[in-house]
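Biologist: Could you walk me through one part of this protein in close detail? I would like to know what sits around it.

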Amino acid sequence: MPHTLVVDHIQKDLSETLLELQQQAFMANPMPSLEQRQNWLTLLQQQLINYKEQLAQAISADFGHRSQDETLLAEILPSLQCIKYAHKSLKSWLKPRYEPVSMAYQPATAQVYYQPLGVVGVVVPWNYPLYLTIGPLVGALAAGNRVMIKLSEYTPNTSALVKQMLAEIYTEDLVAVVEGGQEVSQKFCQLPFNHLLFTGSSKTAVSVMQAAAANLTPVTLELGGKSPVIIADDIPMQLAAERIAFGKAINAGQTCVAPDYILISPHRVDEFVTTYQQVIKRFYPSLINNPDATTIINHKQYNRLQEMLTDAEIKGAQLIKLLPEKDQDEKLSDRLLPHYLLLNVNSSMQVMQQEIFGPLLPIMTYNDIADAVQYINHQPKPLALYYFGFNKEQQQYVLQHTQSGGVAINDTLLQVAQSNLPFGGVGQSGMGQYHGYEGFLTFSKAKSVFTKGKLNTAKLIYPPYRFKKPNKWLQLVYKLFIR
């Protein structure tokens, strides 16, 4: 048996053993105290601070090169903010929610009581291997659960370091990390978790749901899609281009909520192209030996993006390569891909059919805001939608007439970094949400609790009904229960 298959087989058996271990630990302590949960979060916060440089180095090694500043800004900082917000809010989240009781059922109390689900499984992708581990972990621990994490085989250095980092502060019956390839991932998703959170592609999500369905495991799916950017006529182009370029450039566009294509009035296309080029060249005056320039994760993804460019050009697109002048005659390092703008695109091109996940930005035109909204609504629902414009009526029109996982107005990406806002998709971009209070709810069972004392006015509706005066009895029931 090849070595990789042996490793995968061992990891599959290990996953089952870890699940049993965590299930037993949960049954022994099914309702961890506020102090326990806050302690778990404090340990995680301190460990992230201790490991931040090592994590940035490991992620860079996995990518071939990734800006360590980007890792600090896009993974470590929002992870720490997420922990801090959960720690601060947890006391209020844990309080039972009291609800009013109808006069018909008085005297009584009604409340919603939040309990941990049990063991939560988390499947982490390669593009943000730290942040997409910590976010679900924080939500699951805050809700009092045990957590098993399957890390991506495409980021082996990061996976090994995260496993080491978490093992130093948590026992495996609380938090366990599983490594391995596709076979392990498939087996992992087939385990009878109490909840499974998967982040990845829509295609893979289908098999994840099928695997989870066998155990009736509820799932949260964080997928992706083609996140549109509408540029209105009233927005200063410099403002729009800078903020769009930031969202597209970070992590070389390998972000599930990266701007995927532009919708703009025809008369502003040239202005956008010129301004966007200037911004990108200011961000990256050179790509060669530039520590800020992130490479594509592997050759498979790099070749996929090159195929997109070739397909678009064959089908009539105009490709504008944003390569700094000083790099024109130099050979770029392995998997370092310049930014491209694509004009004259159409729906037959791969670049308009698939999520791009790279530094390619197609530009389409629209006649009016209704035309732009109509185009978006004829596509699968995106994980993010971006609108650039100051007109309040148009902002509301876009919000009310489109569906997406989240929206940012006059910015990109930063909606995900807000620890108190839910993050999740809709339709083909996912189901369910986490982050903040919504994350706590996702990983909790909201149990209804109805409590009565000795006095029981409900006797009025007990049988035998034939001994009651029909008219008066029905009138009383009507007044108490229907009105």
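Modeller: Happy to, and let us begin with R335, whose side chain reaches the backbone oxygen of I297 at 3.3 Å. That is a polar contact, meaning a pair of N or O atoms within 3.5 Å; within protein, one must be able to donate a hydrogen and the other to accept it, and residues adjacent in sequence count only if both atoms are side-chain atoms. The R335 side chain also reaches the backbone oxygen of I296, at 2.6 Å.

A word on the source: this is a predicted model, where local features need pLDDT of at least 70 and side-chain atom pairs count only at pLDDT 80 or more, while totals for chains, interfaces and linings use all residues. Residues are numbered from 1 along each chain as its sequence is written, and side-chain values use heavy atoms, with hydrogens and water left out.

Where is R335 found? It lies in the loop between β10 (318–322) and β11 (339–343); strands here are DSSP runs of E, at least two residues, numbered from the N terminus.

Is R335 buried or exposed? R335 counts as buried because its relative accessibility is 11%, and buried means under 20% relative accessible area (1.4 Å probe, protein chains only).

As for neighbours, R335 touches F63, G64, T295, I296, I297, N298, H299 and Y302, leaving aside residues up to four places away in sequence. Contact here means heavy atoms within 4.5 Å.

Conventions. Helix = DSSP H or I, 4+ residues; strand = E, 2+ residues; numbered from the N terminus. Buried < 20%, exposed > 50% of the residue type's maximum accessible area, 1.4 Å probe, protein only.
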